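I opened my notebook to record what I looked up in this structure, beginning with a sheet and moving on to charged pairs.

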Amino acid sequence: MNQIHILWVDDEISLLKPHVLFLEKKNYKVSTVTNGVDALDAIDEVRHDVVFLDENMPGLSGLETLVQIKEKRPNLPVIMITKSEEENLMEEAIGNQITDYLIKPLNPNQILLSLKKNLDHSRLVSEQTTSNYQQEFRKIAMDMAVVNSYEDWISLYKKLVYWEIQLENINDSGMLEILESQKQEANTQFFKFIKKNYKDLLKDRDLLFSHNLFKKIVVPLLQKKPTLFIVMDNIRYDQFRIMESTINLYYKKIKEHDYYSILPTATQYARNAIFSGMMPLDMENYYPKYWKNDMDEGGKNLYENEFLTDQIKRLDLNIKHDYFKITNLQKGKQLAENFQKIKDNDLTVIVINFVDMLSHSKTEMDVIKELASDDKAYRSLTLSWFKNSPLLEMVKKAQNMGLQLVITTDHGTINTQNPTKIIGPREISSNLRYKTGRSLSYEEKDVYATHNPKEIGLPQTAINASFVFAKEDLFFAYPNNYNHFVKYYRNTYQHGGISLEEMIIPCVTYEPK
């Protein structure tokens with residue numbers, strides 16, 4: 001580790017000799033000057049790591065010196081030393097970007113603590129985070145061996161996401177590789193859990209899935225006061241977690257209701273289920289004019305408001321509602337500008353498609369592949385969009401209007417890395433993470449297959465048609481032109497299959513601050 005170089009500026013520096021010697025014994029290098037002018041010359045000549053600056057000096061005062069130091073070296077940490085605790089003095093110093101301040105008479109350990117807090121902070125945080133994860137690693141590994149319930153998988157996945165973000169913040173590539181291997185193992189075990197239990201989980205009415213989300217979460221809020229219900233297409237739990245600090249500036253959390261997307265984890269199934277309050281098989285039976293199967297022509301999500309309106313009627317809710325779908329920036333800006341028009345609604349629903357477009361763009365555009373090259377970059381790009389989006393403007397306006405807020409998604413997405421071969425007739429669905437059709441041939445170990453889709457609430461798209469869902473980070477590839485196809489789709493974000501990232505997703509209720 002390089003030696004830390006301190007510049008100490010004090011007109012009574014001779015009286016501070018014991019402190020200087022104390023720091024030098026701790027392997028800090030200390031240079032001293034007695035006035036502000038010499039201090040400014042010193043920082044021009046030598047690259048110091050930190051400045052101790054006396055507030056009360058003759059000639060150029062500490063605050064005046066501070067201003068000029070910041071003009072020369074805006075990122076140089078300055079620790080101000082003062083005899084006074086006057087509030088206005090401290091406010092002025094803090095306003096001029098001091099890093100810390102110490103009150104005379106000085107204590108050697110007080111000085112050392114300030115240095116460690118402000119210079120070694122990143123290293124100390126990194127070491128502590130790494131140490132904490134090393135301890136948690138063993139606990140996660142033990143949990144993974146026994147986890148076997150809907151709730152336990154949510155808890156384990158949230159823990160993995162927490163550590164992923166913590167370790168990325170300290171840029172510890174070694175620990176991140178270990179965590180990544182744990183996530184892969186978790187997805188392997190989660191796939192086995194879903195394959196074995198999915199049919200039974202759907203039958204448990206106490207569990208939260210796409211088709212009962214509106215009834216269980218949104219409806220109880222409507223009995224209290226007007227509500228804004230935002231469905232952000234294709235948001236993963238980790239993406240939501242880093243967006244949350246921005247939301248928390250305007251809203252305080254009531255409750256987090258993490259839930260499972262139904263299969264397939266795709267918009268036409270999961271989002272239609274949210275708005276209809278039905279499984280896809282029931283939608284096909286009750287709404288044949290609205291529901292479209294994979295091989296049918298036309299848009300698959302054109303009737304969300306019709307589904308929602310009918311669900312509201314079935315639930316006997318006497319409310320006024322509006323539904324808006326935002327598919328481009330212009331539509332978002334128009335709604336944000338005219339947001340006041342929803343003031344008389346009991347329920348306002350906004351569907352926003354940006355993140356889904358982002359994941360598809362990564363497949364099709366080289367620049368997005370560069371900007372979202374991995375999960376960390378993908379999260380960062382999502383956060384940057386959200387902070388500058390019309391959606392955030394709507395959240396701010398909703399707070400001012402006193403609206404309750406529900407934010408959720410329809411499904412997540414996963415960065416696909418490994419192909420698995422599938423063979424089928426021409427009449428087969430195009431999604432890379434699930435397939436439906438007749439006479440499908442595939443690797444049994446790589447999929448969850450159902451030959452009777454009705455058992456899991458899905459339509460049978462043709463006589464003898466089945467559904468197959470890819471596990472972990474696999475994507476389906478045809479033998480024809482196999483190598484080109486694999487190269488094109490590897491390291492792209494896809495959804496429709498079975499993974500923690502696609503199935504376990506956020507739903508959070510808020511009240512305005």
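My entries below follow that order, and I keep in mind that the model is predicted.

I looked up how the strands are arranged and found three strands in an open sheet, in the order 14-17-16, with antiparallel pairing. Strand 14 (434-437) and strand 16 (447-450) stand at the edges, and because each has a single partner strand, one side of each is left without a neighbour in the sheet. From one strand to the next, the twist averages 15°. I then followed strand 16 and strand 17 (residues 466-470), which are joined by four bridges, and noted that Val447 has Ala470 in strand 17 as its bridge partner. Helix 8 (residues 173-203) packs on the sheet, where it touches strand 16 and strand 17, and its direction makes about 15° with that of strand 16.

I noted a count of 32 salt bridges and picked out a few pairs. Lys159 pairs with Glu136, with their closest N and O atoms 3.6 Å apart. Since Lys159 lies in helix 7 (residues 150-169) and Glu136 in helix 6 (residues 121-146), the pair ties together parts that are 23 residues apart in sequence. Glu136 is buried, because its relative accessible area of 18% is under 20%.

I noted Lys199 as partly exposed at 35% relative accessibility, and Glu455 as partly exposed at 42%.

How values were computed
Residues numbered from 1 in each chain as written. Predicted model: local features only at pLDDT ≥ 70, side-chain atom pairs only at ≥ 80, totals over all residues. Heavy atoms only, no water. Pairing = 2+ DSSP bridges. Helix = DSSP H or I, 4+ residues; strand = E, 2+ residues; numbered from the N terminus. Axes fitted to C-alpha atoms, helices over the stretch in contact; angles between N-to-C directions. Contact = heavy atoms within 4.5 Å. Salt bridge = Lys/Arg side-chain N within 4 Å of Asp/Glu carboxyl O. Buried < 20%, exposed > 50% of the residue type's maximum accessible area, 1.4 Å probe, protein only.
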